[in-house]
Amino acid sequence: MGIIQKVIPMLQVDDKEVLANAVTVFGVLAYNPENKKLIREQDALEPIVALLQHTDNEVLERVCGTIQNLALDGNLIEWYSWVVAENRVEFRQLDAIYPLAKLLDHNEPSVANTAASNFSFWNF
């Protein structure tokens, strides 16, 4: 079992520190284009999107950053753009855009800012 499969269950625990760290693992892994694809294929996007409903500011900030990393297109190579496009499609199917938009009004500026950074690359 690889790291992705080991960390997915950690996205569903009650401990906010564990949640923040687990979602950050995916954000860091997402710097590698191959990992972006693996994270989607191993069904990690849904529990990541579910964390947009969390109440802890640190968890919210990190999940917004992770979504950004998973959907950000570096335009380095053609197949990489395809991987990112597939992630964006799945984020739309998981209804991630509305919760991200709601976070723009968050009372913690760092959460609102990280949520806002997601909208700089989405093609609506």
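Visitor: Is Asp95 buried or exposed?

Guide: Buried means under 20% relative accessible area, exposed over 50%, and partly exposed in between, with a 1.4 Å probe and protein chains only. Asp95 has a relative accessible area of 56%, so Asp95 is exposed. Before going on, note that this is a predicted model, in which local features need pLDDT of at least 70 and side-chain atom pairs count only at pLDDT 80 or more, while totals for chains, interfaces and linings use all residues. Residues are numbered from 1 along each chain as its sequence is written, and side-chain values use heavy atoms, with hydrogens and water left out.

Visitor: Where does Asp95 sit, and what is its phi?

Guide: Most residues other than glycine have a negative phi. Asp95 is not a glycine, yet its phi is positive, at about 55°. Asp95 is in the loop between helix H6 (78-93) and H7. Helices here are DSSP runs of H or I with at least four residues, strands are runs of E with at least two, and both are numbered from the N terminus.

Visitor: What can be said of Asp43?

Guide: Asp43 has a positive phi, near 60°, and is a residue other than glycine. Asp43 lies in the loop between H3 and helix H4 (45-50). With a relative accessible area of 55%, Asp43 is exposed.

Visitor: How many helices and strands does the chain have?

Guide: The chain has eight helices and zero strands. Along the sequence the pattern reads α-α-α-α-α-α-α-α. Of the 124 residues in the chain, 43% are buried.

Visitor: Among contacts between residues at least 6 apart in sequence, what share joins residues at least 24 apart?

Guide: Contact means heavy atoms within 4.5 Å. That share is 62% in this chain.

Visitor: How do H2 and H5 pack?

Guide: Two packed helices are described by the angle between their axes and the distance between the axes. The axes are lines fitted to C-alpha atoms, for helices over the stretch in contact, and the angles run from 0 to 180 degrees between N-to-C directions. For helix H2 (residues 16-29) and H5, the axes come within 8 Å and cross at roughly 15°. That makes H2 roughly parallel to H5, since angles under 35 degrees count as roughly parallel, over 145 as roughly antiparallel, 65 to 115 as roughly perpendicular and the rest as oblique. The crossing of H2 and H5 is left-handed, a term used if the near helix is turned anticlockwise from the far one by less than a right angle, with clockwise being right-handed.

Visitor: Which residues make the contact of H2 with H5?

Guide: H2 contributes Lys16, Leu19, Ala20, Asn21, Val23, Thr24, Phe26 and Gly27, and H5 contributes Glu58, Val59, Arg62, Val63, Thr66 and Asn69. By class, that contact has six nonpolar, five polar and three charged residues. Ala, Val, Leu, Ile, Met, Phe, Trp, Tyr, Cys and Pro count as nonpolar, Asp, Glu, Lys and Arg as charged, and the others, Gly among them, as polar.

Visitor: Which residues does Val59 touch, beyond those up to four places away in sequence?

Guide: Val59 touches Lys16, Leu19, Ala20, Leu51 and His54. Val59 is buried, with a relative accessible area of 0%.

Visitor: How do H5 and H8 cross?

Guide: The axes of H5 and H8 come within 9 Å and cross at roughly 15°. H5 and H8 are therefore roughly parallel to each other, and the crossing is left-handed. In this contact, Asn57, Leu60, Glu61, Cys64, Gly65, Ile67 and Gln68 of H5 meet Ser110, Val111, Thr114, Ala115, Ser117 and Asn118 of H8. By class, the contact of H5 with H8 has five nonpolar, seven polar and one charged residues.

Visitor: Which residues of H8 are buried?

Guide: In helix H8 (residues 109-118), Val111, Ala112, Thr114, Ala115 and Asn118 are buried. Seen down the axis of H8, these buried residues fall within an arc of 165°, so they line one face of the helix; the arc is that of the directions from the helix axis to the C-beta atoms. The face turned away from the buried side of H8 carries the exposed residues Pro109 and Asn113. Helix H5 (57-71) and helix H7 (97-102) are among what covers the buried residues of H8.

Visitor: What does Cys64 touch, leaving out residues up to four places away in sequence?

Guide: Cys64 touches Leu52, Leu100, Leu103, Thr114, Ala115 and Asn118. At 0% relative accessibility, Cys64 counts as buried. Cys64 and Leu100 are 36 residues apart in sequence, and their C-alpha atoms are 7.5 Å apart in space.
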